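Here is a briefing on one protein model. Look over the sequence and the fold before reading on.

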Amino acid sequence: MAEDQRLICASADLAEAGKGVCFTVTYRQREAAAFAIRYHGQVRCYLNECGHVPAQLDWQPGEFFDDSKLYLICSVHGALYAPESGRCLGGRCHGKGLVALPVAETNGQVFLIKEVAHG
Ligand code: FES
């Protein structure tokens, strides 16, 4: 493992469109909540902050997908985001998407690439 990577979880912890893994990250000199999910086979990672106001999205710990399993949904006012990009798709995010964090998946493990995430 390179020094600029931080282990987040095992690949097996992230089921397709299933429960996410929550963790904290230092982002722009502050501690911030973040999460990882798997969608279309790819691991995606975002700050756990809605584009509307910086509330955490999950309605239960780790539950980020809506019932259709096609969208990430904010539990506060229902803003919808694209799982593959974090783009705002509707609701009160008003075009402001999620902040994506760089991740890498190798050898059955998911890593946050810290160098960039510290931005
Ligand atoms: S806080 Fe997420 S939609 Fe309002």
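Which residue in β4 is the bridge partner of Ala36? Cys45 is that partner. This is a predicted model: local features need pLDDT of at least 70, side-chain atom pairs count only at pLDDT 80 or more, and totals for chains, interfaces and linings use all residues. Residues are numbered from 1 along each chain as its sequence is written, and side-chain values use heavy atoms, with hydrogens and water left out.

- Strands are DSSP runs of E with at least two residues, numbered from the N terminus. Two of them pair if DSSP finds at least two bridges between them.
- Strand β2 (residues 21–27) runs antiparallel to β3, and seven bridges join them. Val21 has Ala36 in β3 as its bridge partner.
- β3 also pairs with strand β4 (residues 42–47), antiparallel, over six bridges.
- The hairpin of β2 and β3 has two residues between the strands, and Arg28 there takes a positive phi near 50°.
- The hairpin of β3 and β4 also has two residues between its strands; here His40 takes a positive phi near 50°.
- Eight of the 10 residues of β3 (residues 30–39) are buried. Buried means under 20% relative accessible area, exposed over 50%, and partly exposed in between (1.4 Å probe, protein chains only).

**Salt bridges**

- The whole structure holds two salt bridges. The criterion is a side-chain nitrogen of Lys or Arg within 4 Å of a carboxyl oxygen of Asp or Glu.
- Glu49 pairs with Arg30, with the closest N and O atoms 2.8 Å apart. Glu49 sits in the loop between β4 and β5, Arg30 in strand β3, 19 residues apart.
- Glu49 counts as buried at 18% relative accessibility. Arg30 is partly exposed at 35%.
- Glu105 and Arg38 meet at 2.7 Å, N to O. Glu105 lies in strand β8 (residues 103–106) and Arg38 in strand β3, so the pair ties together parts that are 67 residues apart in sequence.
- Arg38 is buried, at 11% relative accessible area. Glu105 is partly exposed, at 34%.

**Open sheet β5-β6-β7**

- Three strands form an open sheet in the order β5-β6-β7, with antiparallel pairing. β5 (72–73) and β7 are the edge strands, and each pairs on one side only.
- Two bridges join β5 to strand β6 (residues 80–81). Ile73 stands opposite Leu80 in β6.
- Leu89 is placed in strand β7 (residues 88–90). Leu89 is partly exposed, with 39% relative accessible area.

Notes: Helix = DSSP H or I, 4+ residues; strand = E, 2+ residues; numbered from the N terminus.
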